[in-house]
Amino acid sequence: MVKKLKELAGESQDKNLSKTIRDSAQQIWLAGLGAFSKAQEEGGKVFEALVKEGRSMESQTRKVAEARIAQFTQQVGKAAGEASGKATQTWDKLEQVFEDRVARSLGKLGVPTNRDIQALAKQIEELNASVRKLTGEAKKPVRRAAKR
């Protein structure tokens, strides 16, 4: 009979142990489901937070890029202005050299300059005035050639 009691006691311990194991497994399973559910909820929130932070970073990056572009544009504009000024000075010098050489060449060929022609016209007017004075003629209007 003792043997039977021990067997019954052993069976009851096995049943208790089995029930305890089942209960623990059930709790572990439920804890896993709860963790999964939390991860899904928090995952959406984390994703939204990352998107928000990404927008902020994009805005900051855009501002920095625009500032750098403005700075670069200003530097390029300044350099272009300086280059344009130097080019204008160079063209002015080249033009002056060309005019001087053409004037020298025309002078060597004996072609009168505008100044020479004006001086001759003034001398002709003075001579005409002297001739009229000597001959006693009335002053006639002199037709001038159109200035060029």
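The legends below describe close-up views of a predicted model. Residues are numbered from 1 along each chain as its sequence is written. In this predicted model, local features need pLDDT of at least 70 and side-chain atom pairs count only at pLDDT 80 or more, while totals for chains, interfaces and linings use all residues; side-chain values use heavy atoms, with hydrogens and water left out.

**View 1. The protein chain contains two helices and zero strands.** Helices (H or I, at least four residues) and strands (E, at least two) are DSSP runs, numbered from the N terminus. Of the 148 residues in the chain, 1% are buried; buried means under 20% relative accessible area, exposed over 50%, and partly exposed in between (1.4 Å probe, protein chains only). The chain exposes about 14,400 Å², and 60% of this area is supplied by carbon and sulfur atoms. Accessible areas come from the Shrake-Rupley method with a 1.4 Å probe, and for residues only the protein chains shown count as cover.

**View 2. Glu-58 and Arg-62 are joined by a salt bridge.** The structure holds one salt bridge, defined as a side-chain nitrogen of Lys or Arg within 4 Å of a carboxyl oxygen of Asp or Glu. The distance from N to O is 3.2 Å. Because Glu-58 and Arg-62 are four residues apart in helix α1, about one helical turn separates them. Glu-58 is partly exposed, at 46% relative accessibility, and Arg-62 is partly exposed at 46%. Side chains of opposite charge can pair when their charged atoms come close.

**View 3. Asp-92, Glu-95, Glu-99 and Asp-100 form a surface patch of negative charge.** Patches are made of residues with over 30% relative accessible area and no salt bridge; like charges are joined within 9 Å, and nonpolar side chains (Val, Leu, Ile, Met, Phe, Trp, Tyr) within 5 Å. Lys and Arg count as positive and Asp and Glu as negative, whereas His and the chain ends are not counted. The place of a charge is NZ of Lys, CZ of Arg, CG of Asp or CD of Glu. Asp-92 lies in helix α1 and is partly exposed, with a relative accessible area of 46%.

**View 4. Phe-98, Val-102, Leu-106, Leu-109 and Val-111 make a nonpolar surface patch.** The patch covers about 480 Å². Val-111 belongs to the loop between α1 (2-109) and α2, and its relative accessible area of 38% makes it partly exposed.

**View 5. Helix α2 comprises residues 114-135.** The expected span is 1.5 Å times one less than the number of residues, so the 22 residues of α2 should span 32 Å; the end C-alpha atoms are 31 Å apart, which agrees. Just after α2, Gly-136 adopts a positive phi of about 80°.
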